[in-house]
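Notebook open, one chain on the screen. I'll jot down what I look up as I go.

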Amino acid sequence: DLSRELMVTLLADVINTRTTEEKQAAITTLGTLPLSATQKTFEQLLDKLSAGKLPTEVQLELSDAIDSTHSAPLIARLKEASAKIAKASPDSLMAAYSGALLGGDSQKGARIFFGHQTAQCIRCHSYDDFGGSAGPRLNGVAKRLTRYQLLQALVEPSARIAPGFGTVTLELKNGKKVSGILQEEKANGLVLKIGDKPDTTVSTTDVAKRINSPSSMPEMRYLLTKKEIRDLVGFLVTLEEEK
């Protein structure tokens, strides 16, 4: 029996003061109400987004909610704000997925990891006694990689090579080329496995150009939605214990 205006006022209060999960739910609900009652609140949220003051963990909900209004002016403002964020970032692809960095549901992410029929994460990665060996074991991955690196590994897997799971070609300053499986990446050099030879360390100062071979892992941005990727990140950051 509440008026639409009161509903919006209550939802706005939740968005400003409550937990991440409650904020996400409130913005989603906002998108189901008549635009005549919600437009001002959406404009305020877009102002925050454009100014870089909207929490990352609710940006995907805002995008979906505005799309559901079918309001051309609001959608245009959303695109403008998103373009502004991407322009300010040195990596436009990662900027486009910045909303997937925080706010994921770890339980939903676990279900995606173990059971998503398209992504099939468990087919190549192992956790505890489950999974394959084509990719790195994920026990303790949250201690090895930052949240940003985990997101990047899902969105752009070829950007970084996991030790033991990719080939690097180095063009040296003396004109020679060296290719091998990356074993370790140190501050002052790269340790490569070249054929049957013992591990070879190449000094960073000797390298003119580095080329990473494309990862065999599919880019999850083509297989999962941004919210699913966010949930998967939310699961991976919980994997701190080595077993």
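My cut-offs: buried is under 20% relative accessible area, exposed is over 50%, and partly exposed is in between, with a 1.4 Å probe and protein chains only.

**Ground rules**

I am looking at a predicted model, where local features need pLDDT of at least 70, side-chain atom pairs count only at pLDDT 80 or more, and totals for chains, interfaces and linings use all residues. I number residues from 1 along each chain as its sequence is written, and side-chain values use heavy atoms, with hydrogens and water left out.

I checked confidence next; pLDDT is the predictor's confidence in each residue, from 0 to 100. The protein chain averages 94, and 100% of the residues score at least 70. Helix H6 (residues 92–96) has the lowest confidence, at a mean of 88, and helix H11 (residues 226–236) the highest, at 98.

**Overall**

I count eleven helices and seven strands in the protein chain. These are DSSP runs numbered from the N terminus: helices are H or I with at least four residues, strands are E with at least two. The C-alpha trace spans about 75 × 40 × 30 Å along its principal axes. Of the 243 residues, 37% are buried.

I looked at contacts too (heavy atoms within 4.5 Å). Among those with a separation of 6 or more, 59% join residues 24 or more positions apart. The accessible surface comes to about 13800 Å², with 52% of that area on carbon and sulfur atoms; areas are from the Shrake-Rupley method with a 1.4 Å probe, and for residues only the protein chains shown count as cover.

**Helix H3**

Which residues of H3 (residues 35–50) are buried? I get Ala37, Thr38, Thr41, Phe42, Leu45, Leu46 and Leu49. I remind myself that an α-helix has 3.6 residues a turn, so residues three or four places apart point the same way. The buried residues of H3 pack against H1, helix H2 (20–30), helix H4 (59–69) and helix H5 (72–88). After H3 comes Gly52, with a positive phi near 75 degrees.

**A nonpolar patch**

Leu2, Leu6 and Leu10 make a nonpolar surface patch of about 250 Å². For patches, I take residues with over 30% relative accessible area and no salt bridge, joining like charges within 9 Å and nonpolar side chains (Val, Leu, Ile, Met, Phe, Trp, Tyr) within 5 Å. Leu10 sits in helix H1 (residues 4–17) and is partly exposed, at a relative accessible area of 44%.

**Aromatics**

I find five aromatic pairs in the structure. Rings of Phe, Tyr and Trp (its six-membered ring) pair if their centres lie within 6.5 Å; planes under 30 degrees apart are stacked, over 60 edge-to-face, and the rest tilted. One of the pairs is Tyr127 with Phe235, edge-to-face at 6.4 Å centre to centre and 75 degrees between the planes. Tyr127 is in strand S1 (residues 126–127) and Phe235 in helix H11, so this pair ties together parts 108 residues apart in sequence. Phe235 is buried, with a relative accessible area of 7%. Phe113, Phe114, Tyr127 and Phe235 form one aromatic cluster.

**Salt bridges**

How many salt bridges does the structure hold? I count nine, each a side-chain nitrogen of Lys or Arg within 4 Å of a carboxyl oxygen of Asp or Glu.

- Glu171 meets Lys177 at 3.9 Å, N to O; Lys177 is exposed, at 61% relative accessibility.
- Glu185 meets Arg210 at 2.8 Å, N to O. Glu185 is in strand S4 (residues 177–185) and Arg210 in strand S7 (residues 207–212), so they tie together parts 25 residues apart in sequence.
- Glu242 meets Arg144 at 3.1 Å, N to O. Glu242 is in the segment after H11 and Arg144 in helix H9 (residues 141–144), so they tie together parts 98 residues apart in sequence.

**Arg230**

Is Arg230 buried or exposed? I have Arg230 as buried, at 4% relative accessibility. Leaving out residues up to four places away in sequence, Arg230 touches Gln24, Glu57, Leu60, Glu61, Gly99, Ala100, Leu102, Gly103 and Gly104.
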